[in-house]
Amino acid sequence: MKRRYPMLLMLVFGLTAVWTSVQNYRIAQREICNELTEALLLTQAERPVDWLSTDTIRQFRSHIPTAELRDGATLSFYVGDANVRARGVCSRELRISSSLRARGCLSYSAMQIWRFSDQRMAAFLALLTLLCMAWSLRQFRMPPLNSDQHRSLRLTPMQEQLVTLLMSAPERSMSKQDLCQALWPGKPDASETLYTLVRRTKQALEAEGRISIASERGRSYRIEVM
């Protein structure tokens, strides 16, 4: 169960990072829309009649508080109920007269809006996700057994052969029959001998505290990280 902790944490942090990033993206969209709408309303208060002049956009931009948004902001005018869709973010519709409508628009791409949003918390959660991933990989990484470790464990030749067989097997697991055949070829029934060898090897490995041998319902044995 302990091995699953980093995987679960990685999943939780990863999903939370994505959710936080999307929410902050939407917040940034709303903030841009609100700034454009507020600037549009202030421009209307200053220019209740003469909208179609050269100074209108300049005045509109001057009312946008965020300097980063001013240069790209523009005004879109249309007649009647036509719903003009501009690329990027638009303000709410403003009715100038009975037939003329206006919107403040900013032609930002999705990436520009994402960069404008506050993604610090999402980045922190993404970092935690990477740390959990590294932890998970470390938990599942099988430690190599070299000759120095064999000597420190004081394994007998048969114990070394057993560990080598298990470490080199697919998924580090072998059936009882295959182990008996590999260790004692030609012996009719080596089950008890194998059981004794596994028990003593397991004691030696667990004394070192890094790996162990686990039994899978008495039919096979595998190397696992403790």
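Colleague: Which residues touch the most other members of the largest nonpolar core, and what makes a set of residues a nonpolar core?

Modeller: Of the 22 residues in that core, I32, L36, F60, I64, L69 and L106 touch the most other members. The term stands for a set of buried Ala, Val, Leu, Ile, Met, Phe, Trp, Tyr and Cys residues joined through side-chain atoms within 4.5 Å. Keep in mind that this is a predicted model, where local features need pLDDT of at least 70 and side-chain atom pairs count only at 80 or more, while totals for chains, interfaces and linings use all residues. Numbering starts from 1 along each chain as its sequence is written, and side-chain values use heavy atoms, leaving out hydrogens and water.

Colleague: Which elements each supply at least two residues of this core?

Modeller: Those are α1 (4-46), β1 (73-79), β4 (100-106) and α4 (110-116), with α1 giving the most, 7 residues. The elements are DSSP runs numbered from the N terminus: helices are H or I with at least four residues, strands are E with at least two. Apart from this core lies another, of 21 residues, including L155, L162, L183 and L197.

Colleague: What is L36 in contact with, leaving aside its neighbours within four places in sequence?

Modeller: F60, I64, A73, V89, C90, S91, G104, C105 and L106. Contact here means heavy atoms within 4.5 Å.

Colleague: Why is C33 called buried?

Modeller: Buried means under 20% relative accessible area, exposed over 50%, and partly exposed in between (1.4 Å probe, protein chains only). C33 comes out at 17%, so it counts as buried. C132, at 7%, is buried too.

Colleague: How do you know how many disulfides there are?

Modeller: A search of the whole structure turns up 0. To count, a pair of cysteine sulfur atoms must be within 2.5 Å. Take C33: the closest cysteine sulfur, in C90, is 8.2 Å from its own, so that is too far for a bond.

Colleague: What makes β5, β7 and β6 an open sheet, and in which sense do they pair?

Modeller: Two strands pair if DSSP finds at least two bridges between them. β5 (residues 173-175) and β7 (residues 220-225) have 3 bridges, and β6 (residues 211-216) has 6 with β7. The order is β5-β7-β6, with antiparallel pairing. β5 and β6 are the edge strands, each pairing on one side only. Across from β7's residues, S175 stands opposite S220, I213 opposite I223, and S215 opposite Y221.

Colleague: Which helix packs on the sheet?

Modeller: α8 (residues 176-183), which touches β5 and β7 and makes about 85° with the direction of β5. For such angles, axes are lines fitted to C-alpha atoms, for helices over the stretch in contact, and values run from 0 to 180 degrees between N-to-C directions.

Colleague: Are E171 and R172 exposed or partly exposed?

Modeller: E171 has 77%, so it's exposed. R172, at 27%, falls in between and counts as partly exposed. Y195, in helix α9 (residues 191-208), is partly exposed with 48%.
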